[in-house]
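Hi,

Here is the structure I promised you. Have a look at it first, then read my notes below.

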Amino acid sequence: MMKNKNTDKSFFYRLFYNDKILAVFCAIVAVILWATVKINYSADVERVISDINVSLGETAQELEFTAFVDEEDLLVDVEVTGKAYNINNHALTKDDIIVEASSSFIDSAGYKVVSLTARVADTATAGDFEITKITPSTVTVYYDRKVTDTFNVVARISNDLSQVVKEGYSVGKAVPSMNTVEITGPAT
């Protein structure tokens with residue numbers, strides 16, 4: 001009786017001399033080596049993150065001055081530099097960056113130019129990157145005391161009634177549902 005040659009060989013000998021298994025093993029090792037080199041030795045890239053909201057500082061509120069500004073004026077772009085896997089759309093979002101207006105001492109009403117600073121949010125899970133630029137780097141904000149005042153409401157129809165009311169109908173005296181309204185805004 002003749003013995004099979006393959007049963008005399010060790011497990012590792014049969015494993016590494018099997019072309020299919022060796023091809024899969026080489027492909028896995030190649031992917032691991034490529035990923036290691038890509039992660040550790042790739043060049044830094046830049047990315048611009050748009051429409052980040054600016055947070056106004058608390059200094060003005062402590063002194064009873066409030067910032068009056070359009071929300072669209074408080075949107076900025078931030079440029080970051082880092083490894084591509086750290087700053088891609090999935091790893092870094094606009095919620096991971098906080099832009100704050102560092103207002104100095106506000107002691108009077110008026111327009112103030114405040115500079116902006118950016119930092120990484122405490123809840124950010126993004127990796128290592130650097131914030132390189134904020135565009136625009138300053139914003140102009142109007143500060144004033146917030147005042148609430150009461151005004152009388154008067155109904156006023158400015159349209160031509162002959163075009164608004166159909167023939168055969170008449171319009172009585174316009175009466176508002178409320179006599180007064182409270183409006184809050186800057187004191188000036």
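D70, E71, E72 and D73 come together as a patch of negative charge on the surface. Patches here are built from residues with over 30% relative accessible area and no salt bridge, joining like charges within 9 Å and nonpolar side chains (Val, Leu, Ile, Met, Phe, Trp, Tyr) within 5 Å. A salt bridge is a side-chain nitrogen of Lys or Arg within 4 Å of a carboxyl oxygen of Asp or Glu. E72 sits in the loop between β2 (66-68) and β3 (75-82), and E72 is exposed at 63% relative accessible area (exposed is over 50%, buried under 20%, partly exposed in between, with a 1.4 Å probe and protein chains only).

Keep in mind that this is a predicted model: local features need pLDDT of at least 70, side-chain atom pairs count only at pLDDT 80 or more, and totals for chains, interfaces and linings use all residues. Residues are numbered from 1 along each chain as its sequence is written, and side-chain values use heavy atoms, leaving out hydrogens and water.

There's a nonpolar surface patch too, made of F11, F12, Y13, F16, Y17, F25, V29 and L33, with about 880 Å² of accessible area together. Two or more residues each come from α2 (11-16) and α3 (19-41), and α2 gives the largest share, four residues. F16, in helix α2, is partly exposed at 39% relative accessibility.

Now the backbone. The peptide bond from T135 to P136 is cis, with omega near -5°, and P136 lies in the loop between β6 (129-135) and β7 (138-144).

Cheers

Technical notes:
Accessible areas come from the Shrake-Rupley method with a 1.4 Å probe; for residues, only the protein chains shown count as cover. Lys and Arg count as positive and Asp and Glu as negative; His and the chain ends are not counted. The place of a charge is taken as NZ of Lys, CZ of Arg, CG of Asp or CD of Glu.
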